[in-house]
Amino acid sequence: MDFALVTYVPFYRIHEVIKWQLLNARRLGVDYVTAYVDNVFAKEQVELLGLITDKYNEKVSIVPGNWRSRCGTWFSIIRDHMQLGKPFVVIDSDNEVAEPEKVGKFIDWVAKEGIPLAGVLDTTALING
């Protein structure tokens, strides 16, 4: 299955990308995660984010911005990834894909139906009741 794994996170929660999204990428068979990082307004923040991408050897692609809202971030995600020509899956930054087979089936269905965007939200909340 060929898709882009995407998440969005405010700057102060970038650690969630490392903790959860790299794990999700491994479980779903994806080579990298694209993280849209909001509340980035200073050159020093961009430099810190660069250290993260350097450490994880291109497994994390960061798109910094100062959208100051989820909606603004989503609009950028949609605009950028619609140009890829393949489905993309957005997973909340603090969610773990605990059942990758089920999520994989969902993503396969999305791709088969030609749906360009899929969101997987609160997967851990669903599993824990």
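Good morning, colleagues. What we have here is a predicted model, in which local features need pLDDT of at least 70 and side-chain atom pairs count only at pLDDT 80 or more, while totals for chains, interfaces and linings use all residues. Residues are numbered from 1 along each chain as its sequence is written, and side-chain values use heavy atoms, with hydrogens and water left out.

Let me begin with strand β2, residues 33-38; helices (H or I, at least four residues) and strands (E, at least two) are DSSP runs, numbered from the N terminus. Six of the six residues of β2 are buried, so the strand is largely enclosed by the rest of the structure. Buried means under 20% relative accessible area, with exposed over 50% and partly exposed in between, for a 1.4 Å probe and protein chains only. Val 33, Ala 35 and Val 37 cover one side of β2, and Thr 34, Tyr 36 and Asp 38 the other.

Which strands pair with β2? Pro 10 is bridged to Asp 38 of β2, and Val 33 to Val 60 of β3. From β2 the chain passes through helix α2, residues 43-55, to β3 in a right-handed β-α-β crossover. Right-handed means that, with the strands pointing away from the viewer, the path from the first strand over the helix to the second runs clockwise. β1, α1 and β2 likewise form a right-handed β-α-β unit.

Finally, Asn 24 lies in helix α1, residues 15-28. Asn 24 is buried, at a relative accessible area of 0%. Beyond its neighbours within four places in sequence, Asn 24 is in contact (heavy atoms within 4.5 Å) with Leu 5, Ile 91, Asn 95, Glu 96 and Val 97.

Notes: Pairing = 2+ DSSP bridges.
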